[in-house]
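Below are some numbered remarks for a colleague who will be working from the coordinates. Please read them with the model open.

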Amino acid sequence: MFDGRDPIYLQIADQIRGEILAGTLSGQEQVMSTTQYATTYRINPATAAKAFTELVDEGLLVKRRGVGMFVADDARDRLLVRRRERFFTDVVDPVAAEARLLGIPVEQIVGRLRATSTPGPDGSGRTAEEGS
Amino acid sequence: MSFTVSTRGLTVRYGRTTALEGVNLELAAGAIHGLLGRNGSGKTTLLSTIAAFRRPAAGTVLVDGEDPWENERVMRGMCLIRESGDVQVDLRMRDHLGYLADVRPNFDGDLAGRLMDTFELDPKRRPSKLSRGKKSAFGAVVGLASRAELTIFDEVHLGMDAPSRFAFYDALLADYIEHPRTVVLSSHLIDEIQLMLERVVILDRGRLLLADDAETLRARGVSVTGPAEAVDRFTEDRTVLRRQQLGGTSQVTVDGGLSAADRATATQLGLEVGPIDLQSLFVHLTEKEVVR
Amino acid sequence: MSATTASPALRWSTVTLTARWLLRQHLRIALWAVAIVLLAVTVAVGLVDRYGSVDISIVQFARQGFVWFPFSMAIMMSAGFLNVHVASGLTRRSLGWASIAVGLGMAGFYTVVMTAALQLERAVYGSRGWAQQITDNAPVFADTSQVGWILVDVGLLFASAQLSGLLVGISYYRLGGWWGTLVLPLTVGPVLVVTPLLTTPLLDPLSSLARVPIAVALLGLTAAAYLVLLRRSPVRPVAT
């Protein structure tokens, strides 16, 4: 369930972020409480709580007193903005480095990107349809 | 309500053998602590001394700020379950639970009943007639239902099969969340319990080896694999716990964690970095041979 | 913080709770024992009457039974119960006082039973014209009408059995098999000594009555020794 690479609370937080991004968890939906998380995955509740605190600080989760933890309305949007900001540094730059290492010319990469992208309704090459 | 535990220079002897030497330890209230150590490292002695089962030869132990020895208030807030628990073996289990209901102020009979069901224990039977695993399960019931402010399980899992053990962990977590208390788990099955722990204490040969957050320890051990020369260069001024070499490739277990920058460096050198789980870290830290 | 503990106090004192518990265990077995002894006595009297003539008290022989059986019960209860008691969050001090209280209480119980049985026997024998001789060595009372002396003699003996049992139990627990056996003369001594004490010529200028305080002091010493050994006793590791 959890591997040893990153601290457990980070893995939990990442998992929830992933679910928000993928749409599995939608805005206003209730998340498992720290108690439920702890007892379901058999982890220390303090660890689960730490993950939730981080997500609340990022504005992705909201705590409603006496009711529980909910996904913020704009959670997905926030995540998209963050991920988009980091897309070039975290994803594109490593690709460029690897391409350099392997001696792959940029044109081939661009060509591949074009081929895998589906044309949008206006004919522009947007990859994997997203609303904005 | 939870008790803190604090020891200073704790030394315990059995005749001429020194089981614990100069142990300085703090156990925070309300957390689940794991106590790890090889056989003979002094775990049981430490727990017995904290629970006022025996007196130290030197040093102090304080529970909830007071010396627990013959201290009525503190003692009724402590519950040490050793293996199958110190229960009245020739009495029906329900009678022993009735006894505990009188003498343990926080005892929860309903919880005890539910747990007896969970572990498939017949209250009309006597512990002396039970298998090892069932005796241990009864010990777990006693430890959980007593709701003591300091609850210690010393290898209570012995003899319990895997389903029973996991039932115990589940019951422990659920009740701990609802009624927070200080819990100490001593176990050799580190893999099974490590995610439940908030703090970890490791004893080695009667001395305190380390006490730290579980999360920190999970990140502390790192394995570095790659061409032997590159690995050696990378781990030059680090604490190496273990080295394995096969041909030109070597794998090294390093103590002390790696920063993000370190990881980047490693990747650039063509080295593979991997996590070391708590159990492996424990084995490496307490092995007899020292690498460097 | 620490002193603001919300831990509820117990409804009864720990000594009372422990004494109540121990008493229940003791009484349950004691009632069985008494029933068996009385049955045996009745059968014995019947047999003696059938095959011979009844001219001595049979109940008097129950004396030894009411000494050594409770003695062994006291050993089990003291040594055997220490682990459970401390593990259940109670102090050795409370166990000590509770054990002594229960021991004396049970001694009183057996004393009353024995005395009443002797009186009952006297009545039965009397109606049949049998003599109720006391032949057991060195009893303080010559015949069973001396109820006061019966109570004192039997009472001291049974009390010494209980207290000595506690002492033997804790000796074995703390000192182990070897040393526990070695000190048996000291730990069982009180039981063997307390009755002869009342009649021995060695203390001759003193009347039996005057020796009772000495016997009581001996019992006090036994109880004190038990408490001292118990006070610092560690809880032994579980036998695997």
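**Notes on chain contacts, helix packing and domains**

1. Chain B puts 16 residues in contact with 14 residues of chain A, two residues being in contact if their C-beta atoms, placed from the backbone, lie within 7 Å. On the chain B side, helix H6 (162–178) and helix H8 (214–220) each supply at least two residues. H6(B) gives the most to this side, with five residues. Helices (H or I, at least four residues) and strands (E, at least two) are DSSP runs, numbered from the N terminus. By class, the chain B side has eleven nonpolar, no polar and five charged residues. Here Ala, Val, Leu, Ile, Met, Phe, Trp, Tyr, Cys and Pro count as nonpolar, Asp, Glu, Lys and Arg as charged, and the others, Gly among them, as polar.

2. A note on provenance. This is a predicted model, in which local features need pLDDT of at least 70 and side-chain atom pairs count only at pLDDT 80 or more, while totals for chains, interfaces and linings use all residues. Residues are numbered from 1 along each chain as its sequence is written, and chains are lettered from A and ligands numbered from 1 in the order in which they are written.

3. One helix pair spans chains A and B. The axes of helix H2 (residues 34–41) of chain A and H6(B) come within 9 Å and cross at roughly 165 degrees. Axes are lines fitted to C-alpha atoms, for helices over the stretch in contact, and angles run from 0 to 180 degrees between N-to-C directions. H2(A) and H6(B) are therefore roughly antiparallel to each other; angles under 35 degrees count as roughly parallel, over 145 as roughly antiparallel, 65 to 115 as roughly perpendicular and the rest as oblique. The crossing of H2(A) and H6(B) is right-handed. A crossing is left-handed if the near helix is turned anticlockwise from the far one by less than a right angle, and right-handed if clockwise.

4. What residues make this contact between H2(A) and H6(B)? H2(A) contributes Thr35(A), Ala38(A) and Thr39(A), and H6(B) contributes Asp170(B), Leu173(B), Ala174(B) and Ile177(B). Four of the residues in this contact are nonpolar, two are polar and one is charged.

5. Of the two pairs of chains in contact, chains B and C share the most contacts. Here 23 residues of chain C are in contact with 26 residues of chain B. On the chain C side, helix H1 (14–51), helix H2 (62–87) and helix H3 (92–128) give two or more residues each. H2(C) provides the largest share of that side, four residues. The chain C side divides into 13 nonpolar, eight polar and two charged residues. No contact joins chain A and chain C, and their closest C-alpha atoms lie 20 Å apart.

6. Helix H4 (residues 147–182) and helix H6 (residues 208–231) of chain C have axes that come within 9 Å and cross at roughly 20 degrees. H4(C) and H6(C) are therefore roughly parallel to each other, and their crossing is left-handed. The residues in this contact include Leu156(C), Leu163(C), Leu167(C) and Arg174(C) of H4(C), and Val212(C), Leu219(C) and Tyr226(C) of H6(C). By class, the contact has 15 nonpolar, four polar and one charged residues.

7. Chain A has five helices and five strands, in the order α-β-α-α-β-β-α-α-β-β from the N terminus on. Of its 132 residues, 21% are buried; a residue is buried if 20 or more other C-beta atoms lie within 10 Å of its own, exposed if 12 or fewer, and partly exposed in between, with C-beta atoms placed from the backbone. Among the contacts in chain A with a separation of 6 or more, 51% join residues 24 or more positions apart.

8. Chain A is divided into domain 1 (8–74) and domain 2 (76–118), the bounds coming from an automatic or database domain assignment. The C-alpha centres of these two domains of chain A lie 29 Å apart. Their contact takes seven residues from domain 1 and four residues from domain 2. The domain 1 side of this contact in chain A has three nonpolar, two polar and two charged residues.

9. For chain B the domain assignment gives domain 1 (5–205) and domain 2 (219–285). Their centres, taken over C-alpha atoms, are separated by 37 Å. Five residues from domain 1 of chain B and four residues from domain 2 of chain B make the contact.
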